[in-house]
Amino acid sequence: MSEYSVESMSAAIETAKEAAMSAIKNTADLSSLRALSAELNKKDSPLNSFKSEMGNLSSVDDKRAVGQLLNAATSEIAVALEDRSIEFADSEIAARIERESLDLTELLVSRRRGHSHIVTQATQRLEDVFIGLGFQIAEGPEVETDFYNFEALNMPKSHPARSEFDTMFLEYGETNSILLRTHTSPVQIRVMKSWKPPIYAIMPGRVFRRDTPDATHMPVFHQIEGLVIDRGITFAHLAGTIESFTKAFFGSEFTSRLRPSFFPFTEPSAEFDIRRADGEWIELGGCGMVHPNVLTSGGIDPEEFSGFAFGFGIDRMAKERHKVEDIREMYTNDLRFLRQF
Amino acid sequence: MKILTSWLNDFGSFGDDHEKLAEAMTNLGLAVESTSIVDTPVKGVVVAKVLRTERHPDAEKVHRVYVDAGDGKELHVWCGAFNMKPGDLIPLATLGTVMPDGRVITPRGILGIESHGMLCSGTELGLTADSDGIMILPSGLKLGADLFGALKIVSDCVFDLDVTRNRPDCNGYLGVARDLGAHLGVKVSVPQGDKAKKGPARKIKVAIDDKKRCARYNMTVISGVVVGDSPNWIARRLSNSGMRPINNVVDASNLVMLELNQPTHAFDADKVNDGFRIRCARQGETLLTLDGQNRELELNDLLICDGKDSPIGLAGVMGGASTEIGANTKTVALETAWFESAGVARTATRLGLKSEASMRFERGVDPYGIDLAVSRFAALLRESCPNLVVHSAATDIKEKTLPPKQKIVALRSAQVVRILGAKLSTKAISTMLAKIGFITKSTSSSKVSNSAVLKIAVPSWRPDCETEIDIVEEIARHYGYQNLGKVMPQSTMHGRLSSIQQRRRDIRELVLSMGLSEAMPNPFLAPGDLIKSGLPEDNAIRLANPLVYEESVLRTSLRPGLLKAINFNLSHRASNILLFELGHVYPAGQQDSVEGLPAEYESLCLVGVGESSALALDWWSQLSAVMGFGAQIDQASVESGYHPKRSATLRRGKQVLGCVGEIDPRVLAHSQINVSVACLELNLSILLAETPRVAVAKPVSRFPRSDFDLAFSVPNSQSAGSVIKALRQAGGAELVDLALFDIYRGAGLPEDSRSLTFRLCLQAADRTLTDAEVTAIRQKCLDAAAKLGAKLRD
């Protein structure tokens, strides 16, 4: 056994530390690092054995000096172990990230969401605009009585205008008494009867006419109709409402005009046209002040209340918005068509 | 109604600013459907005379025509029409002429022989609508003269007006001119009548049996008639109005009709036997009409008969062939009458005989315009018959049923303000109305209506104006719609979707997000479609007048339409066919008790091609989450048309909400669909009407939960649903979650059983459950399952 001195022990500690440090540096992976760490922490590891040998030093000062040296070496090794461990963890994550690489364009699958019919889309857009203008939405049956579809709308049994509607009648009840509504106007009467003025309502829905299908006509199509009944409603309110709707729905660059026309259920009656920014007038629909006879049919006193109504086709709106050439195409239910919108 | 600018100017100085006139008519409610320029002269077309014609042995469809175009030289022209003879005057388009269709005339010949121009038909020159070969010109024109100059044809503008039902007067020039004159401040004059002295009295006996249907009948005898072509200007006006010139008598009648909206009918007086009688038809009577058709008459048809009671005309609709004007007609018996509109409409509609005359009687003619019409007819006919004699003592019967010359309608000035929003003085109203012949008879004030009351005399040519609101409309038209202003009403209402509408939109949104696209099949089915879809058809409602037989049954379900859509898309090899429809159906044999209408409800149907019930159930569970309530899955009763072993009825209490499952393979076979189809069908009228409860917050438990799994061997006869129900009951309040997460069939299990594994989660709101409590609940669950024959697996 050699002499124990501060110098000799210090040198030995330094040597052992250097050996441990170089061993740490040389580990290849986390498991060999863990094995080395266990080795270095063993009681009889080179550094740990210095702890017992320290007792052989004579002076307290010597012991303290060597002890400090030993602690420093031990913690230096611990830090090195930790750093090396982090290095391994980092490179492992880096490798995992590399392994997990994905080609996202492989994963870009076509959208699974379904497609709303363009007539529904148009209807909802119209509804939303009118809700914004303070209207509520009323609905009614598609199968109607002669009373609601004609008689209550100022078209008594022999009225010549009836022939213009090409009505589809049902084999139900008395001959020609039950029919498929030819317009959404019967809902006006239903609203008048069941709501109380003030009435600000729109009535979208499916209507039926005995028209042979062609590029612009279908026997089954859709209309939207508006009805306002309140005290003090005038023709100017009709024009103002049409103008607000035109700007809200088509854009602020559009304007509207009313020109005289004829409908049995309104008087004065008008056609309403909208003008595009390029100056072209487009015919949109019919409107007018609700005829006193119609108010009376709806149980409303025409001397107390007045009102206006307007209506137009929805299918044409959808057709023109999406530049569909033939309206029949909208009803083929061909997914190749439906999925475009 | 076609309005020629040149003709309109006969009624007043309207000028020829087409745009201004079109705008004025539009503002008055006379919608201009189209505007076209007609009779535009074609430069280079001259008058030529046919010298001789010659066939060529090698040309079958054309011949050679030699003409003189005024310079005495013989020009050779190939021609495909054969209607000319030597001496005829014809239009020759000289070389270099640009025809209205853009063709340029070149010497391009046939068989190597050149053509020195082209002989023209009226159609080619834009002068007639239909063509009977080369136009033969009236004699006396100067050879080589410009054709259009020689015929005095100048270009004209034609407005095609859409005359609405409430303006019968505007089916004649006079009505249009009156409205326009009032609007533009142009003085309007009526056309010239016949000025010649009346001839000796000739009276024809007329008896009117049906005084309601025929309230005025004028029968005037006109002799000295020479039937022939009309003067050129009359023929041109008729052609440009879309009417074919026939002969001077018929043309004069048509011209008067266009001018005054008063149809007249000219009988050949020598062919009429012993006067006239106007009566309704008798059963079994027939009439050969002018168009050569033998018409079977009905009791309601009003007839013009001769004095021997034989029918010679359908009143207001069409004349009979036996008394037709012919080449040898010398004397005309001119009928100018007022027939009741509804009657004419009925007969014309029934016989499909909508003539220019019947249309006018249907809409309404001026019962007091008859005298002018007779006189105008004579004036026009006199142009081609200088020796015409209008005999005096014409028959003119006016029945008491004739509408009055003036109708008095009361108008409250306050009503004008109330409806139009424009404050107009009574004077302004009177002045405005006077311009269109509505005369204010008196003005008084009424305390009741707090308004001035004007008594307005409505002229006889406006039968549509009967009530106050009709007058208000006249004021609006002539005041100008654009002058009434645009004001948004001050609504006290708030716009919003109703709960039903909001829920319908939520459902649509969910269905779209589940990947289904919206179809809109035809709601009309072919007979047999319902049966093919496994549905009864006996009580389905049928259309009384379907367009086609294949679209004559109202759908009772959305399924048949969607099956057709599936079939269509499969035939186009579409993939991922997921469709839905939201629409009304009309269940067979049910009645809405209140109004006597057949029952009708809103249905939603979702279909998935190549999919199973699992998907349909997934749709339902998502929809029920959005709806806020569930339903019992009742497999014991399955609606026909669904797979009997893979479908269920969705019940909620006594109500049937719909069906879920797959389409019956037999239905698929009928529809030529060779893959399974998942289907969910719901009665939205029930679903949407329910208002879901608003959830009340419960505190979330702060105590730990105990989870455990139970795997049972369950006989196939016992549904998983019944086991779930039993476990739920046994678990009580502490069973906060229960999920069936594994189903296994196969080895280790009895033949008629499957393994169902559930995960149960126990938790109390107020404490940590003890082991003993968990064990006790677990045992309760096991006991309950055992009662259903479910055995715990190891």
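Visitor: How many residues does the contact take from chain B and from chain A?

Guide: This is a predicted model. In it, chain B gives 72 residues to the contact, and chain A gives 70 residues.

Visitor: Which helices and strands of chain B each supply at least two residues of the side that touches chain A?

Guide: Among them are α2 (18–28), α7 (341–351) and α10 (413–420). Strands β24 (517–518) and β27 (578–585) are on the list too. The most comes from α12(B), with 6 residues.

Visitor: How do the residues of that side of chain B divide into nonpolar, polar and charged?

Guide: There are 35 nonpolar, 24 polar and 13 charged residues on the side of chain B that touches chain A.

Visitor: How should I read a nonpolar core?

Guide: In soluble globular proteins, nonpolar side chains tend to be buried together. Here the largest nonpolar core has 143 residues. Ala201(A), Leu579(B), Leu606(B) and Val607(B) have the most contacts inside this core. Strand β5 (residues 199–208) of chain A brings the largest share, 7 residues. Another core, of 84 residues, lies apart, and Met1(B), Val250(B), Val344(B) and Leu388(B) are among its members.

Visitor: Which residues does Val607(B) touch, not counting those up to four places away in sequence?

Guide: Val607(B) touches Leu562(B), Ile566(B), Leu579(B), Val677(B), Ala678(B) and Cys679(B).

Visitor: Into which domains is chain B divided?

Guide: Domain 1 (2–39 + 156–184) comes in two pieces of sequence. Then follow domain 2 (45–150), domain 3 (206–398), domain 4 (406–481), domain 5 (499–689) and domain 6 (706–792). Taken over C-alpha atoms, the centres of domain 3 and domain 6 of chain B are 95 Å apart.

How values were computed. Residues are numbered from 1 along each chain as its sequence is written. Chains are lettered from A and ligands numbered from 1 in the order in which they are written. This is a predicted model: local features need pLDDT of at least 70, side-chain atom pairs count only at pLDDT 80 or more; totals for chains, interfaces and linings use all residues. Two residues are in contact if their C-beta atoms, placed from the backbone, lie within 7 Å. Helices (H or I, at least four residues) and strands (E, at least two) are DSSP runs, numbered from the N terminus. Ala, Val, Leu, Ile, Met, Phe, Trp, Tyr, Cys and Pro count as nonpolar, Asp, Glu, Lys and Arg as charged, and the others, Gly among them, as polar. A nonpolar core is a set of buried Ala, Val, Leu, Ile, Met, Phe, Trp, Tyr and Cys residues joined through C-beta atoms within 7 Å. A residue is buried if 20 or more other C-beta atoms lie within 10 Å of its own, exposed if 12 or fewer, and partly exposed in between; C-beta atoms are placed from the backbone. Domain bounds come from an automatic or database domain assignment.
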